[in-house]
Amino acid sequence: MLSFTKQTRRLPYSSTATMSASILTLPPELLSQILENSDYASRLALRYTSKRLYLQTSTTFALGSTAAQHSNTSYNISDLLQVEKWPCYDLAGQGDGHLRQPLATRDFFACSLCLKIRCASRFSNAMMKGKRGKHSAVASIDKDEKRKRFCIDCGVRYGKYRPGVRFEFGGARIGVMEHDLGGGHGLVCQQCRQFKRVSGVLRPQERTCRACFKALRRP
Ligand SMILES: [Zn+2]
Ligand SMILES: [Zn+2]
């Protein structure tokens with residue numbers, strides 16, 4: 001989910017101070033025009049630059065990109081794919097080389113189904129790397145696999161997973177003490193169809209979660 005902390009107010013531009021100082025002196029109608037011609041991510045970034053801009057942009061902000069205006073939301077997956085690259089959502093991308101594993105609580109990704117920016121812990125690793133990685137090169141918009149990325153909750157809700165399927169999720173593992181926050185191994189239970197983290201080693205034929213396994217064995 002989009003959450004705006006102090007960190008998110010950092011714009012991805014180097015000239016933030018100069019821009020906000022000059023843009024604040026513009027007449028409101030000119031500011032409206034700029035906003036209407038900017039994409040969602042730019043409008044969002046500008047809005048969180050200062051209290052005054054936040055108030056000044058509240059009426060014009062509701063206008064999304066042309067494509068989004070035809071849908072029920074004021075933004076779409078293209079907009080979120082820009083937002084997920086903001087430094088505050090893209091720790092792995094800011095490091096040396098973009099191929100580092102994403103970190104739960106520090107790296108965030110857009111889901112094309114719930115249209116939210118969610119923590120890396122909510123995605124399978126396959127959804128965060130290769131063609132679906134944030135920084136993958138794309139030949140054309142139709143071939144952009146990132147636009148098909150979905151979070152685990154949406155995968156379960158929309159029946160995207162084969163019951164019993166197992167996969168790695170959440171990116172890098174985070175220390176033993178914080179194991180629940182970091183990445184790991186998960187399973188879509190064949191019985192309850194819920195996604196469950198799996199600790200320890202799974203037997204090859206194990207396709208149900210621990211709770212269902214125990215319930216099935218009960219006489
Ligand atoms: Zn989702
Ligand atoms: Zn189960």
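Me: A residue is buried if 20 or more other C-beta atoms lie within 10 Å of its own, exposed if 12 or fewer, and partly exposed in between, with C-beta atoms placed from the backbone. What share of the 219 residues in the chain is buried?

Reply: This is a predicted model, in which local features need pLDDT of at least 70, side-chain atom pairs count only at pLDDT 80 or more, and totals for chains, interfaces and linings use all residues. Residues are numbered from 1 along each chain as its sequence is written, while chains are lettered from A and ligands numbered from 1 in the order in which they are written. Of the 219 residues in the chain, the buried ones make up 24%.

Me: How many helices and strands does the chain have?

Reply: Helices (H or I, at least four residues) and strands (E, at least two) are DSSP runs, numbered from the N terminus. From that end, the elements run α-α-α-α-α-α-α-β-β-α-β-β-β-α. The secondary structure comes to 9 helices and 5 strands.

Me: In what order do the 3 strands of the open sheet stand?

Reply: Two strands pair if DSSP finds at least two bridges between them. Within this open sheet of 3 strands the pairing is antiparallel, and the order is S3-S4-S5. Strand S3 (166-169) and strand S5 (195-198) pair on one side only, which makes them the edge strands. From one strand to the next (axes are lines fitted to C-alpha atoms, with angles from 0 to 180 degrees between N-to-C directions), the twist averages 35°. To restate the order, it is S3-S4-S5.

Me: Which residue of S5 is the bridge partner of Leu187?

Reply: Strand S4 (residues 184-188) and S5 pair in the antiparallel sense over 4 bridges. Along this pairing, Val188 stands opposite Phe195. For Leu187, the bridge partner in S5 is Lys196.

Me: Which residue in the turn between S4 and S5 has a positive phi?

Reply: Most residues other than glycine have a negative phi. S4 and S5 form a hairpin with 6 residues between them. In that turn, a positive phi of about 65° belongs to Arg193.

Me: What is the C-alpha separation of Arg166 and Gly186?

Reply: Arg166 lies in strand S3, and S3 pairs with S4 in the antiparallel sense over 4 bridges. Gly186 is the bridge partner of Phe167 in S4. Although Arg166 and Gly186 are 20 residues apart along the chain, their C-alpha atoms are separated by 5.6 Å.

Me: Is Thr105 buried or partly exposed?

Reply: Thr105 is found in the loop between helix H7 (91-94) and strand S1 (108-110). Its phi is positive, at about 75°, although Thr105 is not a glycine. Because Thr105 has 13 other C-beta atoms within 10 Å, it is partly exposed.

Me: What is the positive phi of Leu115?

Reply: Leu115 is found in the loop between S1 and strand S2 (117-119). It has 18 C-beta neighbours inside 10 Å and therefore counts as partly exposed. Leu115 is not a glycine, yet its phi is about 50°.

Me: How many of the 8 residues of helix H3 are buried?

Reply: Helix H3 covers residues 40-47 and is largely enclosed by the rest of the structure. Its buried residues are Tyr40, Ala41, Arg43, Leu44, Ala45 and Leu46. Of the 8 residues in H3, the buried number is 6.

Me: Which residues does Phe123 contact, leaving aside its neighbours within four places in sequence?

Reply: Two residues are in contact if their C-beta atoms, placed from the backbone, lie within 7 Å. Phe123 is among the residues with the most contacts inside the largest nonpolar core. Beyond those neighbours in sequence, Phe123 is in contact with Phe109, Met128, Cys151, Ile152 and Phe169.

Methods:
A nonpolar core is a set of buried Ala, Val, Leu, Ile, Met, Phe, Trp, Tyr and Cys residues joined through C-beta atoms within 7 Å.
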